[in-house]
Structure formats: structure tokens, C-alpha cells
Amino acid sequence: MLSVLSYGRLVARAVLGGLSHTDGRDYSLVTASCGFGKDFRKGILKKGMCYGDDACFIARHRSADVLGVADGVGGWRDYGVDPSQFSSTLMKTCERLVKEGRFIPSNPVGVLTTSYYELLQNKVPLLGSSTACIVVLDRQSHQLHTANLGDSGFLVVRGGEVVHRSDEQQHYFNTPFQLSIAPPGAEGAVLSDSPDAADSSSFDVQLGDIILTATDGLFDNMPDYMILQELKKLKNTNYESMQKTARSIAKQAHDLAYDPNYMSPFAQFACDNGLNVRGGKPDDITVLLSIVAEYTD
């Protein structure tokens, strides 16, 4: 089953081609969400803002709109650990911190850091690992502040072209940077990165900019040109159009993931690393599709 979620009660007054942001108006994000779990074909679904081992959140505060995605590391399943528990708890903690106002818009790494250390201090034992990407739109400064750890990420599209994007972080092939909590005594045996290792950036956005935030299930199966082709179908900023486009992007990535003859970006990356791989990469897929609009309370 396919799950599509829209967020907010905003009236989008954006023009998709982009307008000048040198004005005194506050900006906001209008966001639609769609995803598939890797076990979709088996009928195994997760509830809430989770698609398989992926998780996401969308939150509003008076100073900023904040969203995030996380991809739980599936290898933990071999040790009897549900990988989705770590990613979903991390995203729920980030969401709560934003709603409580315990964050600085210009410092998304801080949101990730505080959330992670809350998980470390949790009285209920939690094991696992996850990548994470946090995107913050400061309403007044019109700046997009981001923090990306691992191989999830985001694109900013303006006038049909990618004008800003995250950098993927890999230790080596198919081993992304990740936050981890290991069993007591096994900390040194589990790959774990600091939240401070996240790649951070700030970027001036304009009305009508499109921001696509997703887990690697999208980027491993769809190159930029395919994503841009789908985004061209977004003719206006009403929720129906946004949901339809988010759904189309996630569905195409999901279909390509199971095509054995398709030379996916993941397969190309594998070949570049000396591996003979062809086909898509079956994986959980989470897509958050946002448009920068004028804020209306």
C-alpha cells in the first residue's frame, strides 16, 4: 500500500519559477510526503511517518519550518534488533524538540546532536544505527539551513535546475556515515559517527523553490534528470498536485528498484568501485516534497 501525507494549512502564493526574496515577508514550507517500505510487495507496512526502516518528520515553529528523514541500518536485523526503532525514535525526538522551541534555526546540527544524546541517555535500552538529514527554513531570513549525515539528502530546484544539494558521506562503498547506539561493551565494534560530522550548509531560497528531501532509496534508484522530469509535472502548489508528484516520484523509484536490467545510480557507483552490479536497489523509500511559499498564519 502507498501512503501519502500532506502537511500544514498554508495558502501557497508561490510562483514555481521563483521570485525575489528581498522583501519583508515571512516564508514557509508547504510539504507533501510519500513513501514505500522495501517489504511493500509482501504487504508489511509501518504506521505513522515510517516507511519500512525509514522515518521522517515535519514540524512547525513560529520561527521556522523543520523536516527530516532517517534511514535505519538494516544490518541490525541480523542481531534481532528492529532497525526502524532507532530511526523513528530519532525523528520523533527531533520533532518534539522543534515543537518545544528547543532549537536554533541556523543550527540544524544542534537538533540532531540534542536528539542523539537524548537517545543515549534513554532509560529504555535502544540499539541501532541510522543516517539522518535535517532541513530548516528560517522564516524571516529566508535561509535554508541543513545538516546531512550519511547518504540521505536533499535537492533545491529552481527553474527546473538543481541549484543546491547535500553531499553524500560514505566511509567506503555502501557504508554511509551513521549515528549508532551499540550494546554495552561493544561500542568499539560498531561503526558510529558524531552528529558534528554532519555536512552542514546555508542557502538563500526564493519563493517557488522546490526542496526534495529523501532517503537513499530514492537517490540510489533515480538520477537527477529523472527526478527533474517528474518535478516538471508539478504545475501549481495545491496539495493535490504536490501529493500526486510526490507519489509519482516515490512510485517510479520503487518500480526501478526491482528492475534487474536497469543501470541504477547505485549499480553505477558499485561498478565504479570494481563490483559487477546491475539493476535497481530494493530499499525503503521516503520522499518529502516541499515548496517555498509566503507564510500565512
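Is Asp53 buried or exposed, and what is its relative accessible area? Asp53 is buried, at a relative accessible area of 7%. The legends below describe close-up views of a predicted model.

**View 1. Salt bridge between Asp53 and Arg77.** The side chains of Asp53 and Arg77 form a salt bridge with an N to O distance of 2.8 Å. Asp53 sits in the loop that links strand E3 (50-51) to strand E4 (54-61), and Arg77 in the loop that links strand E5 (64-72) to helix H1 (83-99), so the pair ties together parts 24 residues apart in sequence. Asp53 is buried, whereas Arg77 counts as partly exposed, with 45% relative accessibility.

**View 2. Salt bridge between Arg139 and Asp65.** Arg139 pairs with Asp65 in a salt bridge, and the closest N and O atoms are 2.9 Å apart. Arg139 belongs to the loop between strand E6 (128-138) and strand E7 (143-149), and Asp65 to strand E5, so this pair ties together parts that are 74 residues apart in sequence. Arg139 is buried, with a relative accessible area of 1%. Asp65 also counts as buried, at 3% relative accessibility.

**View 3. Salt bridge between Asp216 and Lys281.** A salt bridge joins the side chains of Asp216 and Lys281 at 3.2 Å, N to O. Asp216 is part of helix H3 (residues 216-219), while Lys281 lies in the loop between helix H6 (265-272) and strand E15 (285-294), so parts that are 65 residues apart in sequence are tied together by the pair. Asp216 and Lys281 are both buried.

**View 4. Salt-bridge network of Arg96, Glu100, Arg102 and Glu118.** The structure as a whole holds 16 salt bridges.

**View 5. Contact between helices H4 and H5.** Two packed helices are described by the angle between their axes and by the distance between those axes. For helix H4 (residues 224-231) and helix H5 (residues 239-257), the axes come within 9 Å and cross at roughly 145 degrees. The crossing of H4 past H5 is right-handed. On the H4 side, Met226, Glu230 and Leu231 make the contact; on the H5 side, Thr245, Ser248, Ile249, Gln252 and Leu256 do. Sorted by class, the residues in this contact are four nonpolar, three polar and one charged.

Definitions and conventions
Residues numbered from 1 in each chain as written. Predicted model: local features only at pLDDT ≥ 70, side-chain atom pairs only at ≥ 80, totals over all residues. Heavy atoms only, no water. Axes fitted to C-alpha atoms, helices over the stretch in contact; angles between N-to-C directions. Helix = DSSP H or I, 4+ residues; strand = E, 2+ residues; numbered from the N terminus. Left-handed = near helix turned anticlockwise from the far one by under 90°. Contact = heavy atoms within 4.5 Å. Nonpolar A, V, L, I, M, F, W, Y, C, P; charged D, E, K, R; others polar. Salt bridge = Lys/Arg side-chain N within 4 Å of Asp/Glu carboxyl O. Buried < 20%, exposed > 50% of the residue type's maximum accessible area, 1.4 Å probe, protein only.
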